[in-house]
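Dear colleague,

Please find the structure below for your review. My findings follow it.

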Amino acid sequence: MKHKLQKNFDGRTLSAVQPAKQRVWEVDFLRGMMILAVVWDHTLNDIRVDAGGNYKTAFFQALYDFSCKYASSALRAVCQPAVVILFIFTAGLSCSFSKNNFNRSLKLMGASVFFTLGCFVVSVVLKRHIMVYFNVIHVIALSVFLWSVISWIKDKCVKNRQKNLFGVVMFAVIVAVLLAGYCAKKQPWTSENSHWFFLAEHSGEAYGRFRGMDYRAFFPDFGWFLLGAFLGGIVYKEKRTLFPSVNPKYVRVVTACGRKTLIIYFVSKILTYAFVYLFHGVWDVL
């Protein structure tokens, strides 16, 4: 691709204008695959849980039977957590391409709070407990905010000694977050009025009342996010694709989904639940 030349009023060349930067297609592709997998899992879950079976049509009854088998299958037990972890990891990877992660975090926080408030309103109106207190969107929003602080500190480390100390501290933080998250699962939740339910997943009856639907714990997920963020800064330092020989147009359907993950997540969740609730729960035509 030839560079366009910028000239002054008498025709002399001043500088070569670089072409517009292209998106790194493989990151969009990975995000697209993950969001499609999330939509698939949520759709089957809504068909199975929200309606509770007893469909009138053979097609939806077959989908319900399939979703029940899928929910208890070894495939979902392995793939579902792996997909979510990879989704969060890719969100960290994407921070390398954001011009302002702080502003991005504020937008994500606003969307997550709006989502929680929307669930509260729907729960009150429908008199059904469908609260989402803290899920993958909340995890990513808080993670991006903390990353904007961490990257600011990283930029302040200009001396080699400071850079080395920063690297050691962040490595320790990542290991501590991952270990804390996985170790906490084995500990019972004893407090009846704890406000720290979002930090780590616990066992116990009291904890179950706080977690809400579609819950994700901040620990260890924040550790996976940090791994993605640091790896993105290393692998994509030049912000160029690692696979330049691949023509992105052949995967543009998936990459388009990867560029609109937040919209697809919210819209698919709302439409699927509304469809099943209205056509089965209210109108009873499915």
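Buried denotes a relative accessible area under 20%, exposed one over 50%, and partly exposed anything in between (1.4 Å probe, protein chains only). This is a predicted model, in which local features need pLDDT of at least 70 and side-chain atom pairs count only at pLDDT 80 or more, while totals for chains, interfaces and linings use all residues. Residues are numbered from 1 along each chain as its sequence is written, and side-chain values use heavy atoms, with hydrogens and water left out.

Helices are DSSP runs (H or I, at least four residues), numbered from the N terminus. In helix α9 (residues 252-259), the buried residues are Val 254, Thr 255, Cys 257 and Gly 258. They fall within an arc of 155 degrees seen down the axis, so they line one face of the helix; the arc is that of the directions from the helix axis to the C-beta atoms. Arg 252 and Val 253, on the other side of α9, are exposed.

The structure holds 6 salt bridges (a side-chain nitrogen of Lys or Arg within 4 Å of a carboxyl oxygen of Asp or Glu). One of them joins Arg 76 and Asp 41 at 2.8 Å, N to O. This pair links distant parts of the chain, with Arg 76 in helix α3 (residues 74-94) and Asp 41 in helix α1 (residues 25-50), 35 residues apart. Asp 41 is buried, at 8% relative accessible area, whereas Arg 76 is partly exposed, at 21%.

Asp 28 forms a salt bridge with Arg 23, the closest N and O atoms being 2.7 Å apart; Asp 28 is buried, at 2% relative accessibility.

Yours sincerely

Definitions and conventions
Helices (H or I, at least four residues) and strands (E, at least two) are DSSP runs, numbered from the N terminus.
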